[in-house]
Structures are given as structure tokens and as C-alpha cells.
Amino acid sequence: MITTRRPRRTTTLATLMLASLILIATGGVATASRPPNRGTDSHARRGQLISATLLQRLSRRSVATELAGARLGPGDPALGAQAVRDGIDAYRVVYRTVTADGLPTRASGLVVFPLVGAGRLRIVVYGHGTSGDRVDAPSSFGLDANQDGIEGRWSSELFGSAGFAVAEPDYLGMGEGVGRPEYMVAKSEASAALDLLRAAAVLAARHRDRLDRGVLATGFSEGGAAAMAFGRLLQQSTDPSFQLQALAPVSGPYDLSGAQLPGMFNGDVAPAVAPYYIAYTLTAWNPLYHLYATPNAAFRAPYAARIEALFGGSYQDSKIEASLPTSLATLLTARLLAVIRHPTGVF
């Protein structure tokens with residue numbers, strides 16, 4: 001159950017390292033990769049690499065110094081540099097994929113390679129946690145005003161410096177992607193991850209590396225659910241280039257109707273963050289599933305007039321939080337509140 005909205009601030013060292021240890025321990029024997037086979041894909045251009053920009057080359061010492069002081073929250077232990085063995089190259093990748101409706105679109109993500117010379121690399125696909133700000137995504141690979149890693153930076157440094165290639169999708173509508181964020185849409189989160197993996201294989205060849213066929217998948221919070229969906233997609237895929245080898249999702253919203261929604265009303269989800277989750281989900285899902293005709297049918301005044309803009313990817317989370325009430329009853333119309341309590345019809 002998610003009880004907070006900023007997972008990278010509130011999780012512990014143990015959760016991130018648990019994913020790392022499970023993936024490393026269950027990785028098995030590496031096998032040679034083959035170029036992506038798109039012959040069975042109806043979208044022949046999916047996974048096509050549009051551009052790759054080297055954001056930073058960090059030495060082993062630089063990565064170790066940053067992780068030695070990196071803390072996920074006040075009072076938390078430092079992530080530490082115990083597993084740092086290599087420096088890394090971090091790339092912003094823009095590539096072709098499809099929306100949840102199957103329409104062609106452009107997306108972005110972060111791809112990281114360890115500086116170990118030409119060789120064959122195991123790859124970790126990591127799904128990041130919830131953010132309403134399209135800049136707060138892995139492909140930014142930056143530090144915020146508090147010198148904390150933007151979503152995806154520290155996780156990519158942890159895996160990359162340990163000798164793995166890393167692919168971290170921004171999700172559709174985030175980073176350099178186009179359109180509104182497709183928040184908590186499992187179908188597009190999974191397809192975006194697979195198409196980023198295909199683009200990463202092309203970039204790896206340019207980097208004088210090769211990706212192993214066996215894929216290690218993990219993620220935290222929203223990324224946990226995204227990792228589960230991605231793992232299922234790999235199991236169902238007929239593309240022989242990639243195969244799921246290990247899956248370690250952490251603290252994700254896996255059961256929306258059975259756990260997350262009841263938690264909004266029984267106190268398991270902190271009341272102050274419930275409006276953020278609900279509003280983000282409704283505004284992201286409405287274009288796909290037609291949940292309400294107009295914002296006024298779902299949200300009370302004055303929130304209806306600005307709710308879609310708030311979750312369009314252009315506002316920092318602090319601004320979104322300040323613009324929302326602290327209770328669902330104040331945010332939602334009586335009809336929407338009732339149908340969320342007891343989902344019926346299209347819900």
C-alpha cells in the first residue's frame with residue numbers, strides 16, 4: 001500500500017537494495033543478445049532510436065562520492081558506495097513507441113552504461129515513482145535544489161556503477177515525450193519500457209557494448225506496478241531478443257480496487273495525499289476511458305477549472321499540492337465520490 005506520494009524521499013535503503021540483491025542473485029547465466037526482431041511487430045518503427053544525448057560521464061570516484069552522501073530522506077542512512085565498481089555514461093534517449101490506444105508517439109528515457117570497455121552487459125529496467133512534473137523524470141539525470149537526485153538518478157547510478165546497463169523509461173508524456181502523462185496506465189508503461197529496451201540495444205552497439213537477452217526488471221511505487229506490467233509483457237512477447245529473467249517490484253499499487261481505493265477511505269493512505277493520487281489518476285484516465293464528460297462533472301469548484309492543467313506535466317509537485325484540498329469530499333462531486341467508493345459501470 002502506498003501511504004506517501006514521494007517514494008524516493010520516504011523509502012529506506014533496504015527497499016532499493018532488496019531489489020538489487022534479488023536481481024543480482026537470480027540473474028542466472030548471461031546469454032548473447034540478438035538485434036531486435038520487429039518482424040512480428042505490427043508497428044515496425046517501435047523502439048527506433050531517434051536521438052541519444054550523452055548527459056554526463058561520471059568516474060567511479062564521482063559516483064562513489066555522490067552515493068556516499070545520498071540519502072532518501074532526513075535521518076535515513078546514506079545509500080553508500082560499497083557496490084560501486086565502475087564509472088558510468090548517462091544518455092537521454094528519445095525513441096518511437098505507441099500510446100495506450102496504439103497510436104504512434106515519441107517518448108524518452110535514461111540509458112546508462114558502465115565504463116567497463118567493450119563487452120556484453122546484463123541490463124536492468126527500472127520504473128521510477130510518481131511525479132507530476134515532466135522534468136522530474138529519469139532522462140533529466142539531474143539534482144534538485146536540495147542536491148537530491150531527480151527521479152531515476154540514484155537508482156541508475158547504483159545499478160550502472162555495479163556493472164549493469166540500465167534503462168529507465170520516463171513514461172509517456174514525461175521527460176521529452178509528447179502529450180499528457182499517461183499516469184498509472186499499465187499498457188503504455190509496459191510498451192514504453194520494451195521499446196526503450198530496443199532503442200537501448202541500438203545505442204549499446206554504438207557504445208561498443210551488447211545487451212544480454214535476459215532482462216532484470218524492478219521499480220518502486222508507481223514503478224513497481226509498471227515493472228509488473230513490463231514483466232508480463234516480456235513473458236507474452238514473441239520477440240526473441242529479450243526474455244524476462246528476474247522481477248523484483250517494490251511497494252507498488254498492484255491492486256487498485258482491492259487495496260488502494262479502500263485505503264483512501266479507511267486511513268491506510270494518508271488523507272492529505274489521497275486527492276493528489278485520485279486527481280492524477282482521473283485526469284490521466286479520462287481521455288482513455290471516458291470517465292466523465294467535463295471536469296465539472298467530476299470535480300467541485302474551484303478545482304474543476306484548473307485540475308487538468310495541474311496534471312498536464314508543467315507544474316512541480318509542491319505547486320500541485322498547494323492547489324488541492326486536503327480531503328476527497330472537498331475535491332470531488334458527490335457522484336464521483338460515491339462511484340469511487342463503490343465502482344460501477346465504466347469504473
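How many salt bridges does the structure hold? The structure holds 8 of them, where a salt bridge is a side-chain nitrogen of Lys or Arg within 4 Å of a carboxyl oxygen of Asp or Glu.

Before the details, some ground rules. This is a predicted model, in which local features need pLDDT of at least 70, side-chain atom pairs count only at pLDDT 80 or more, and totals for chains, interfaces and linings use all residues. Residues are numbered from 1 along each chain as its sequence is written, and side-chain values use heavy atoms, leaving out hydrogens and water.

Let me take some of the salt bridges one by one. Arg 57 pairs with Asp 89, with the closest N and O atoms 2.7 Å apart. The two sit in distant parts of the chain: Arg 57 is in strand β1, residues 49–58, and Asp 89 is in strand β2, residues 88–98, 32 residues apart. Helices (H or I, at least four residues) and strands (E, at least two) are DSSP runs, numbered from the N terminus. On accessibility, buried means under 20% relative accessible area, exposed means over 50%, and partly exposed is in between, with a 1.4 Å probe and protein chains only. Arg 57 counts as exposed, at 57% relative accessibility, whereas Asp 89 is buried, at 0%.

Next is the salt bridge between the side chains of Arg 153 and Glu 66, at 2.7 Å from N to O. Arg 153 lies in helix α4, residues 153–161, and Glu 66 in helix α3, residues 60–68, so this pair ties together parts that are 87 residues apart in sequence. Arg 153 and Glu 66 are both buried.

Staying with α4, how many of its residues are buried? The count is 9 of the 9, so α4 is largely enclosed by the rest of the structure. Among these buried residues are Trp 154, Glu 157, Leu 158 and Phe 159. After α4 comes Gly 163, with a positive phi near 105 degrees.

As background, an α-helix has 3.6 residues a turn, so residues three or four places apart point the same way. Asp 195 is buried, at 0% relative accessible area, and Arg 198 counts as buried too, at 4%. Salt bridges that share partners join Arg 46, Asp 195, Arg 198 and Asp 239 into one network.

Now to helix packing. Two packed helices are described by the angle between their axes and the distance between the axes. Here the axes are lines fitted to C-alpha atoms, for helices over the stretch in contact, and angles run from 0 to 180 degrees between N-to-C directions.

Helix α5, residues 186–206, packs on helix α6, residues 222–236, at about 70 degrees, with the axes 8 Å apart. The two are therefore roughly perpendicular; the classes are roughly parallel under 35 degrees, roughly antiparallel over 145, roughly perpendicular from 65 to 115, and oblique for the rest. Their crossing is right-handed. A crossing is left-handed if the near helix is turned anticlockwise from the far one by less than a right angle, and right-handed if clockwise. Residues of α5 in the contact include Ala 190, Leu 194 and Leu 197, and those of α6 include Ala 226, Phe 230 and Leu 233, with contact meaning heavy atoms within 4.5 Å. By class, the residues of this contact divide into 10 nonpolar, 1 polar and 2 charged. Ala, Val, Leu, Ile, Met, Phe, Trp, Tyr, Cys and Pro count as nonpolar, Asp, Glu, Lys and Arg as charged, and the others, Gly among them, as polar.

Leu 256, Leu 261 and Met 264 in α7 meet Ala 274, Tyr 277, Ile 278 and Trp 285 in α8. That contact has 7 nonpolar residues, no polar ones and no charged ones.

Last, some backbone details. The peptide bond from Ala 301 to Pro 302 is cis, with omega near 0 degrees, and Pro 302 is in the loop between α8 and α9. His 290 is in the loop between α8 and α9 as well; its phi is positive, about 55 degrees, although it is not a glycine. His 290 counts as exposed, at 60% relative accessibility. Phe 141, in the loop between β4 and α4, has a positive phi near 45 degrees, and Phe 141 is buried, at 4%.
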